[in-house]
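The sequence and the structure come first.

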Amino acid sequence: MVRYGILAGALAVMATTTLAHTGVKDAQVLARMEVMKRIGDATDALEDIATGRVAFDAGAVAAARASLLAAGGETIAVFTPPADDPKSEARRAIWDSFDRFEALTQDMIMATDALDPTDSAAFAAQYSKIEATCVACHKAYRAKR
C-alpha cells in the first residue's frame, strides 16, 4: 500500500513539472527551468530535513548537496545569453545586473559546498545560509506569473 502512495506522489510531482514547462517555446528558457527545478528539488529535500519533516539522513543530505552543486554550476551558463518566453519567471533585472546574479549564484554554491552531510548538529545553520541565497535571488530576479 505504501508503495502505491509513493508512486502516486512521484507521478503527481512529474505531472506538475510537465505542466509547468508545457508551452515553453524557447529552448534556452526550458533549459533554465530544468536547472531551476533541480535546484528547487534539492533545496526542498534539504528543507524537509532542516525543518524536521524528515529525519536527518547523511545519504540524503549528500545526494541533495551533490545535485545542488551540479545544478548551481550550470546556472550561469543557462542564463547566458538572455532569453525570454511567456512562461518564464525570470525578470529582466537578471541581465541588467548580471554581476550581482553571478555573485548570488556563487554564494549559493559556496554555502552548499560548505555543507557537511555528516554533521547533523551544524546542518540547520548551514542550510539557512543556502536558503538565504535562494531567497535573495528570487526576491530580486524571479517574477511569479
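The accessible surface of the chain comes to about 8,400 Å², and 62% of that surface belongs to carbon and sulfur atoms. The coordinates are those of a predicted model, and the values below are computed from it. Of the 145 residues in the chain, 32% are buried. The chain holds six helices and zero strands, so that, read from the N terminus on, its elements run α-α-α-α-α-α. Among contacts between residues at least 6 apart in sequence, 75% join residues that are at least 24 apart.

In soluble globular proteins, nonpolar side chains tend to be buried together. The largest nonpolar core of this chain has 28 residues, of which Leu 46, Phe 79, Ile 94 and Phe 101 touch the most other members. The elements that give two or more residues to this core are H2, H3, H4, H5 and H6. Once its neighbours within four places in sequence are set aside, Ile 94 is in contact with Phe 79, Phe 101 and Tyr 141.

**Helix H6**

Helix H6 spans residues 120-141, and its 22 residues reach 32 Å from the first C-alpha to the last, close to the 32 Å expected at 1.5 Å a residue. At its N-terminal end H6 is capped by Asp 119, a side-chain oxygen of which lies 3.2 Å from the backbone nitrogen of Ala 121. The buried residues of H6 are Phe 123, Gln 126, Tyr 127, Ile 130, Thr 133, Cys 134, Cys 137 and Tyr 141. An α-helix has 3.6 residues a turn, so residues three or four places apart point the same way. What covers the buried residues of H6 includes helix H2 (27-50), helix H3 (58-78), helix H4 (93-96) and helix H5 (98-113).

A pair of aromatic rings is described by the distance of the centres and the angle of the planes. With centres required to lie within 6.5 Å, the count comes to six aromatic pairs. Two of the pairs, both of which include Phe 123, are set out here.

| Pair | Arrangement | Centre to centre | Angle between planes |
|---|---|---|---|
| Phe 56 and Phe 123 | edge-to-face | 5.6 Å | 70° |
| Phe 123 and Tyr 127 | stacked | 6.4 Å | 20° |

Phe 56 lies in the loop between H2 and H3, whereas Phe 123 lies in helix H6, so their pair ties together parts that are 67 residues apart in sequence. Phe 56 counts as partly exposed, at 31% relative accessibility, while Phe 123 is buried, with a relative accessible area of 3%. Phe 123 and Tyr 127, by contrast, both lie in helix H6, where they are four residues apart, about one turn of the helix. Both of these residues are buried.

**A glycine in helix H3**

The C-alpha atoms of Gly 73 and Val 35 are separated by 9.7 Å, although the two residues are 38 residues apart along the chain.

Methods
Residues numbered from 1 in each chain as written. Predicted model: local features only at pLDDT ≥ 70, side-chain atom pairs only at ≥ 80, totals over all residues. Heavy atoms only, no water. Expected span 1.5 Å × (residues − 1). Buried < 20%, exposed > 50% of the residue type's maximum accessible area, 1.4 Å probe, protein only. Contact = heavy atoms within 4.5 Å. Polar contact = N/O pair within 3.5 Å; in protein donor to acceptor, adjacent residues only side chain to side chain. Phe/Tyr/Trp six-rings, centres within 6.5 Å; stacked < 30°, edge-to-face > 60°. Areas by Shrake-Rupley, 256 points an atom, 1.4 Å probe, with all protein chains shown as cover. Core = buried A, V, L, I, M, F, W, Y, C linked by side-chain atoms within 4.5 Å.
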